[in-house]
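Hi,

Here is the structure I promised to pass on. Have a look at it first, and my notes follow below.

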Amino acid sequence: MQKVVVVTGVNRGLGLELCRQYLSEGVKVYGCCRFPEQSQELLELKHSAGYQFELVPLDITQPGMIHNLQYVIEEPVDILINNAGIYGPSGLSYDQVVVDPWMEVLRVNTVAPMMVTQALIDKVALSNDKKIIMMSSKMGSMGDNQKGGSYIYRSAKAALNAVGKSLAVDLASRGISVGILHPGWVRTDMGGMSAPIDAETSVRGMCKVIEQLSLKNSGQFISYDGSHIPW
């Protein structure tokens, strides 16, 4: 049976590269983002991949669209990759942080991955691989935080780590493993052009980490290069 991977946030950057690399391995991919028709690179990839690549319109801030995923994707899902995320306002000092942008980032980066997981959990449980990936960041690490700042993004990713760890505990009885990944500092729209690695390198490493994910290392916080990150 052909392996099935679902990826959110595929219109650019890491999400697009995840689709590209999994498709090159003969995997069937469901790529989800708000406006698939607006990404030329995504449309070109769809044209070349054909039936192997399904584009799914999905706004992860809309509960109804998330709920409908279970009907749009009818087959078992081997790997669910919750990749979609936003950075939010940057460069804010502690006295500049305000509520509304913070809530938006928490909703997209922390709450939405949990809701997507809820919608597709039964599909994952029916698959062979049974893997769920939370795309986190070393910015969410308490032990690694030596610079302060970035209150909104750091807190959202730290909260996502907590979600992923609890899921790893709660889903073990169903044979589902959960990976919490740091993609590295990558040259994307979010990471900026001064980042040291490109998306291809990051995704190649993460795919290897995902391949090695099992119940034995479920719930661990791991970098794209396989190294462990302190909580």
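Tyr22 touches Val5, Val27, Val29, Ile79, Ile81, Cys207 and Ile210, leaving out residues up to four places away in sequence; contact here means heavy atoms within 4.5 Å. Before going further: this is a predicted model, in which local features need pLDDT of at least 70 and side-chain atom pairs count only at pLDDT 80 or more, while totals for chains, interfaces and linings use all residues. Residues are numbered from 1 along each chain as its sequence is written, and side-chain values use heavy atoms, with hydrogens and water left out.

Tyr22 is also one of the residues that touch the most other members of the largest nonpolar core, together with Val7, Leu18, Val29, Phe53 and Ile81. That core has 31 residues. By nonpolar core I mean a set of buried Ala, Val, Leu, Ile, Met, Phe, Trp, Tyr and Cys residues joined through side-chain atoms within 4.5 Å. Buried means under 20% relative accessible area, exposed over 50%, and partly exposed in between (1.4 Å probe, protein chains only). Two or more residues each come from strand S1 (4–8), helix H1 (13–24), strand S2 (28–33), helix H2 (40–49), strand S4 (79–82), strand S5 (131–135) and helix H7 (199–211). Helices (H or I, at least four residues) and strands (E, at least two) are DSSP runs, numbered from the N terminus. A second, separate core of 30 residues includes Val4, Ile73, Leu120 and Met134.

Now the sheet. It is open, with 7 strands in the order S3-S2-S1-S4-S5-S6-S7 and parallel pairing; two strands pair if DSSP finds at least two bridges between them. Strand S3 (53–57) and strand S7 (221–223) are the edges, each pairing on one side only. On average, neighbouring strands are turned by 20° against each other, direction ignored. S1 and S2 run parallel and are joined by 5 bridges, and Val4 has Lys28 in S2 as its bridge partner.

Leaving aside neighbours within four places in sequence, Val56 is in contact with Tyr30, Gly31, Cys32, Cys33, Pro36, Leu69 and Val72.

Helix H7 lies across S4, S5, strand S6 (177–182) and S7, running at about 140° to S5. Axes are lines fitted to C-alpha atoms, for helices over the stretch in contact, and angles run from 0 to 180 degrees between N-to-C directions. H1 and H7 pack at about 60°, with their axes 9 Å apart. That makes H1 oblique to H7 (under 35 degrees is roughly parallel, over 145 roughly antiparallel, 65 to 115 roughly perpendicular, and the rest oblique). Residues making this contact include Leu18 and Tyr22 of H1 and Cys207 and Ile210 of H7.

Asn161, in helix H6, is buried, with a relative accessible area of 4%. Beyond four places in sequence, Asn161 contacts Ser136, Gly140, Ile180, Phe221 and Trp231.

Finally, two backbone points to check. Lys130, in the loop between helix H5 (99–125) and S5, has a positive phi near 55° without being a glycine, and is buried at 19% relative accessible area. Ser150, in the loop between S5 and helix H6 (151–171), is not a glycine either, and its phi is positive at about 50°; Ser150 is partly exposed at 25%.

Best wishes
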